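Open the model in your viewer and keep the selection tool at hand. This tour goes stop by stop, saying what to pick and what is there.

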Amino acid sequence: MWPHSTFSKAKILGNSELFIKSGSDINLTCVALQSPAPPSFIYWYKGGRVVNYSQRGGISVLTERQTKTSKLVIARAMPSDSGNYTCSPSSSAVKDTMLPRQ
């Protein structure tokens with residue numbers, strides 16, 4: 001018998017492509033689906049790189065282990081915030097959302 005691994009799936013709620021007006025807040029919510037237990041952590045990526053919270057102010061993440069969700073909030077969006085955002089809970093497949101440049 002082969003070992004069995006259980007991987008949760010991740011989903012960013014809402015449309016897969018969002019248009020955000022410059023100066024508005026970006027609010028993305030990631031949910032870990034089919035997870036046998038709450039994930040230990042949830043990472044947020046932009047363009048394949050971990051979101052750098054210290055790169056600019058106004059970026060915050062709130063992760064609720066019990067509800068298996070993580071919220072990424074970027075205050076006062078700038079053109080440089082556009083790109084492909086991905087969430088990745090521990091032991092999961094990734095799901096992304098695109099924020100096109102305006």
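**Stop 1: the disulfide.** Select Cys30 and Cys87. A disulfide joins the two, with an S to S distance of 2.1 Å. The model is predicted, and this distance, like the others on the tour, is computed from it. Now show the elements around the two cysteines. Cys30 sits in strand β2, residues 26-33. Cys87 sits in strand β7, residues 83-89. The bond therefore ties together parts that are 57 residues apart in sequence.

Next, check the torsion about the S-S bond. For Cys30 and Cys87 the angle is about 70°, so this disulfide is right-handed. Are Cys30 and Cys87 buried or exposed? Both Cys30 and Cys87 are buried. A search of the whole structure gives 1 disulfide.

**Stop 2: the whole chain.** Zoom out and colour by secondary structure. The protein chain has 9 strands and 0 helices. Read from the N terminus, the elements run β-β-β-β-β-β-β-β-β.

Colour by accessibility instead. Of the 102 residues in the protein chain, 35% are buried. The accessible surface of the chain is about 6600 Å². Carbon and sulfur atoms account for 53% of that surface.

Then turn to contacts. Take those in the protein chain with a separation of 6 or more: 61% of them are between residues 24 or more positions apart.

**Stop 3: the salt bridge.** Select Arg56 and Asp81. These two form a salt bridge, and their closest N and O atoms are 2.8 Å apart. Arg56 lies in the loop between β4 and β5 (59-64). Asp81 lies in the loop between β6 (69-74) and β7. The pair thus ties together parts that are 25 residues apart in sequence, so show both loops at once.

How many salt bridges does the structure hold? The count is 1.

**Stop 4: the aromatic cluster.** Select Phe41, Tyr43 and Tyr45. Ring pairs link these residues into a cluster. The number of aromatic pairs comes to 2. Focus on Phe41 and Tyr43, whose ring centres are 4.9 Å apart. Their planes meet at 55°, so the pair counts as tilted; the edge-to-face class would need over 60 degrees.

Tyr43 belongs to strand β3. The relative accessible area of Tyr43 is 40%, so Tyr43 is partly exposed. Phe41 is partly exposed too, at 38%.

**Stop 5: the nonpolar patch.** The three form a nonpolar patch on the surface. Together, Phe41, Tyr43 and Val50 have about 280 Å² of accessible area.

**Stop 6: a loop glycine.** Finish at Gly48. This residue is in the loop between β3 (42-46) and β4 (49-50). Is Gly48 buried or exposed? Gly48 has a relative accessibility of 64%, so Gly48 counts as exposed. Gly48 and Asn84 are 36 residues apart along the chain, and their C-alpha atoms are separated by 7.9 Å.

Notes: Residues are numbered from 1 along each chain as its sequence is written. This is a predicted model: local features need pLDDT of at least 70, side-chain atom pairs count only at pLDDT 80 or more; totals for chains, interfaces and linings use all residues. Side-chain values use heavy atoms; hydrogens and water are left out. A disulfide is a pair of cysteine sulfur atoms within 2.5 Å. Helices (H or I, at least four residues) and strands (E, at least two) are DSSP runs, numbered from the N terminus. Buried means under 20% relative accessible area, exposed over 50%, partly exposed in between (1.4 Å probe, protein chains only). Contact means heavy atoms within 4.5 Å. Accessible areas come from the Shrake-Rupley method with a 1.4 Å probe; for residues, only the protein chains shown count as cover. Patches are made of residues with over 30% relative accessible area and no salt bridge: like charges are joined within 9 Å, nonpolar side chains (Val, Leu, Ile, Met, Phe, Trp, Tyr) within 5 Å. A salt bridge is a side-chain nitrogen of Lys or Arg within 4 Å of a carboxyl oxygen of Asp or Glu. Rings of Phe, Tyr and Trp (its six-membered ring) pair if their centres lie within 6.5 Å; planes under 30 degrees apart count as stacked, over 60 as edge-to-face and the rest as tilted.
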